[in-house]
Amino acid sequence: MFDLDELQHSKTPPQASCIYEQEQSAHKQLQLHQNSTNGTSPLAPALYVLGDSLLDSGNNNYLQTIIKANYSPYGEDFVNKCTGRFSNGKTVADFIAEFLGLPYAPPFLSFKPRDKLPLTGLNYASGACGILRDTGHHLRLYNLGARKIVVSEIGPIGCVPAITSQNKHKGKCVEHKNQLVSEYNSMLPAMLQNLTSSLQGSSFVNGHAYRLASDAIINPSNYGLKDASNPCCKTWLSGIEGCIPFVEPCDRRDKYYFWDGYHPSEIVYSLFASRCINNASFCSPFSLKELVKM
């Protein structure tokens with residue numbers, strides 16, 4: 001363990017070396033997996049990522065916020081270690097980039113104003129961000145040339161350790177929290193279908209994350225998991241916050257649904273990505289394999 005007072009007063013924070021590594025390697029992510037395509041063309045010209053901490057690849061490293069994941073044990077199983085991803089390894093966006101034959105989308109904020117931005121995509125996701133009613137992301141994306149857009153449902157928030165540990169509930173989840181999420185998710189298909197119809201040449205795909213996540217949490221053994229209630233890493237406040245810096249996580253990270261108090265582990269992200277790539281009932285009306293051929 002470490003001394004919290006020492007952490008707060010140290011001239012060189014313990015995570016400094018990891019932040020340095022992240023800054024040195026952020027743009028090198030553009031090269032990752034390019035060689036694995038064996039010279040073949042990617043299945044899409046670029047991948048642009050928008051979202052919150054479930055998809056953040058390091059943007060929060062460059063923001064004045066305490067919501068960061070640029071320290072160990074975050075990135076325990078990622079090639080560049082603690083890059084700012086809120087998991088032990090890859091996110092859904094990283095798995096999709098691999099499928100498309102593209103490099104991982106680097107964090108937009110890692111580039112300076114005069115830097116030449118990559119043509120293969122960028123990651124704009126930011127931990128703890130929100131969406132304003134007048135943001136109009138779909139129209140902005142369309143006007144910038146985006147035509148194939150995947151929008152995921154909200155997952156079962158009432159099942160994450162940060163919520164279950166603070167609310168009285170029966171069973172594994174806080175159902176009144178999930179009910180609010182379900183109301184939003186029920187309205188999503190009609191909105192996406194309307195966008196596909198009204199924006200010429202566009203295809204909006206709905207990722208049905210809620211039902212898969214719920215089933216994996218309630219029936220973890222069906223997915224090769226053993227624990228779908230507790231975080232793998234040692235967290236602040238008994239499971240309701242992020243990982244405590246530099247404390248060893250659980251041994252079998254591939255058996256835990258949750259990495260910390262909020263976020264899934266890499267094995268769960270791989271499950272979601274695989275279903276979206278291959279299964280038109282998960283990402284509908286088209287799987288990613290079908291979408292890239294359109």
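**Disulfides, cores and charged pairs**

The torsion about the S-S bond of Cys232 and Cys250 is about -100°, so this disulfide is left-handed. Cys232 and Cys250 both lie in the loop between strand E3 (227-231) and strand E4 (256-258), so the bond ties together parts that are 18 residues apart in sequence. Helices (H or I, at least four residues) and strands (E, at least two) are DSSP runs, numbered from the N terminus. The model is a predicted one, in which local features need pLDDT of at least 70 and side-chain atom pairs count only at pLDDT 80 or more, whereas totals for chains, interfaces and linings use all residues. Residues are numbered from 1 along each chain as its sequence is written, and side-chain values use heavy atoms, with hydrogens and water left out.

The sulfur atoms of Cys232 and Cys250 are 2.0 Å apart. A disulfide here is a pair of cysteine sulfur atoms within 2.5 Å, and by this rule the structure has four disulfides. Cys232 is buried at 7% relative accessible area, and Cys250 is likewise buried at 13%; buried means under 20% relative accessible area, exposed over 50%, and partly exposed in between (1.4 Å probe, protein chains only).

Cys233 is buried at 3% relative accessibility, as is Cys243 at 0%. A further disulfide joins Cys276 to Cys283, with an S to S distance of 1.9 Å. Both of these cysteines are buried, and their link is left-handed, with -100° about the S-S bond.

The discussion now turns to the nonpolar cores. In soluble globular proteins, nonpolar side chains tend to be buried together. A nonpolar core is a set of buried Ala, Val, Leu, Ile, Met, Phe, Trp, Tyr and Cys residues joined through side-chain atoms within 4.5 Å. The largest core has 37 residues, and those with the most contacts inside it are Leu47, Leu100, Ile217, Tyr257, Phe272, Phe282 and Leu288. Among the elements that each supply at least two residues of this core are helix H7 (209-218), E4 and helix H8 (266-278). A second, separate core of nine residues includes Tyr71, Tyr74, Cys233 and Cys243.

Charged side chains form four salt bridges, each defined as a side-chain nitrogen of Lys or Arg within 4 Å of a carboxyl oxygen of Asp or Glu. Asp77 and Arg253 meet in one of them, at 2.6 Å from N to O. Asp77 lies in the loop between helix H2 (16-25) and helix H3 (92-100), and Arg253 in the loop between E3 and E4, so the pair ties together parts that are 176 residues apart in sequence. Asp77 is partly exposed, at 32% relative accessibility. Another salt bridge links Asp94 and Arg85, whose closest N and O atoms are 2.8 Å apart; Asp94 is buried at 3% and Arg85 at 2%.

Glu153 lies in the loop between strand E1 (148-152) and helix H5 (161-164). Glu153 is buried yet has no salt bridge, and the nearest side chain of opposite charge, Arg211, is 6.3 Å away. The side chain of Glu153 makes a polar contact with the side chain of His208 at 3.0 Å. A polar contact is a pair of N or O atoms within 3.5 Å; within protein, one must be able to donate a hydrogen and the other to accept it, and residues adjacent in sequence count only if both atoms are side-chain atoms.

Definitions and conventions
Lys and Arg count as positive and Asp and Glu as negative; His and the chain ends are not counted.
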